[in-house]
Amino acid sequence: MFNSKIIPWMFITVQALLIMLVVLVDSGNTSITNFERFASYFLIIVGILGLIVSGINLGKSLTALPTPNKRAQLQIDGLYKYARHPMYTSVLMICFGIAGLNGSFIKSILCVLLVILFIFKAKYEERLLSEKFKGYSSYVKNTAMFLPIKLSSK
């Protein structure tokens with residue numbers, strides 16, 4: 001249906017649009033408590049740090065697209081030891097923090113849409129990573145997708 005080169009760019013385009021809307025949509029003058037303000041800034045700061053650290057962890061494997069580049073190596077250390085997609089988690093933390101600072105229901109809905117997009121994007125990326133790296137399926141079984149919480153059926 002779609003060219004394999006179009007799909008990654010579609011993910012990136014929709015992601016950029018949702019992030020821009022979270023940042024730019026005017027949400028009115030909703031007041032928030034000091035705790036909500038603190039929690040929002042905390043999410044933003046931790047998210048920024050997570051982006052920096054996970055980018056450093058990826059090194060030469062870093063790419064904006066959900067397709068592994070030719071120099072990619074399977075990264076399972078650093079933040080990738082705890083979550084398969086710490087960059088996505090970091091972006092979500094930043095966006096939810098921004099939504100929280102504004103007390104915006106609309107921005108929160110946009111963040112939920114971003115979560116849904118990241119689930120589909122991560123599954124697409126993981127299919128490509130499992131084709132490229134033999135050990136990826138074992139990594140998936142032992143590492144959570146976004147948060148360092150592995151839900152067990154035991």
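Visitor: Which residues in H3 meet H4?

Guide: This is a predicted model. On the H3 side you have Tyr88, Val91, Leu92, Cys95, Phe96, Ile98, Ala99 and Asn102. They meet Lys107, Ser108, Cys111, Val112, Leu114, Val115, Phe118, Lys121, Ala122 and Glu125 in H4.

Visitor: How many of those are nonpolar, polar and charged?

Guide: The contact of H3 with H4 has 13 nonpolar, 2 polar and 3 charged residues.

Visitor: What about the axes of H3 and H4, at what angle do they cross?

Guide: Roughly 175°, and the axes come within 9 Å. An angle over 145 degrees counts as roughly antiparallel, so H3 is roughly antiparallel to H4.

Visitor: Now H1 and H4. How far apart are their axes?

Guide: H1, residues 6–24, and H4, residues 105–132, have axes 10 Å apart. The packing angle is about 160°. H1 and H4 are therefore roughly antiparallel to each other. Their crossing is left-handed.

Visitor: Which residues make that contact?

Guide: From H1, the list includes Ile7, Phe11, Gln15, Leu18 and Val22. From H4, it includes Lys107, Leu110, Leu114, Phe118 and Tyr124. By class, the H1 and H4 contact residues divide into 18 nonpolar, 1 polar and 2 charged.

Visitor: And H2 with H3, how do they cross?

Guide: H2 covers residues 34–58. Its axis and that of H3 come within 7 Å, crossing at roughly 160°. That makes H2 roughly antiparallel to H3. H2 passes H3 in a left-handed crossing. The contact of H2 with H3 has 15 nonpolar, 8 polar and 1 charged residues.

Visitor: Switching to cores. How many residues are in the largest nonpolar one?

Guide: The largest nonpolar core has 21 residues. Val22, Cys95, Leu114, Phe118 and Phe146 have the most contacts inside it. H1, H3 (86–102) and H4 are the elements that give two or more residues to this core. H4 supplies the largest share, 8 residues.

Visitor: On to the loops. Where is Ile32, and is it buried or exposed?

Guide: Ile32 is in the loop between H1 and H2. Buried means under 20% relative accessible area. At 14%, Ile32 therefore counts as buried.

Visitor: Which residues does Ile32 contact, sequence neighbours within four places aside?

Guide: Arg37, Gly100, Leu101, Asn102 and Gly103. Gly103 is in the loop between H3 and H4. With neighbours within four places left out, Gly103 is in contact with Thr30 and Ile32.

Visitor: What is the relative accessible area of Gly103?

Guide: The figure is 35%, so Gly103 is partly exposed.

Visitor: Last one. How far is Gly103 from Trp9?

Guide: Their C-alpha atoms are separated by 31 Å. Along the chain, Gly103 and Trp9 are 94 residues apart. For Ile32 and Leu147, 115 residues apart along the chain, the C-alpha separation is 26 Å.

Conventions: Residues are numbered from 1 along each chain as its sequence is written. This is a predicted model: local features need pLDDT of at least 70, side-chain atom pairs count only at pLDDT 80 or more; totals for chains, interfaces and linings use all residues. Side-chain values use heavy atoms; hydrogens and water are left out. Axes are lines fitted to C-alpha atoms, for helices over the stretch in contact, and angles run from 0 to 180 degrees between N-to-C directions. Helices (H or I, at least four residues) and strands (E, at least two) are DSSP runs, numbered from the N terminus. Angles under 35 degrees count as roughly parallel, over 145 as roughly antiparallel, 65 to 115 as roughly perpendicular and the rest as oblique. A crossing is left-handed if the near helix is turned anticlockwise from the far one by less than a right angle, and right-handed if clockwise. Contact means heavy atoms within 4.5 Å. Ala, Val, Leu, Ile, Met, Phe, Trp, Tyr, Cys and Pro count as nonpolar, Asp, Glu, Lys and Arg as charged, and the others, Gly among them, as polar. A nonpolar core is a set of buried Ala, Val, Leu, Ile, Met, Phe, Trp, Tyr and Cys residues joined through side-chain atoms within 4.5 Å. Buried means under 20% relative accessible area, exposed over 50%, partly exposed in between (1.4 Å probe, protein chains only).
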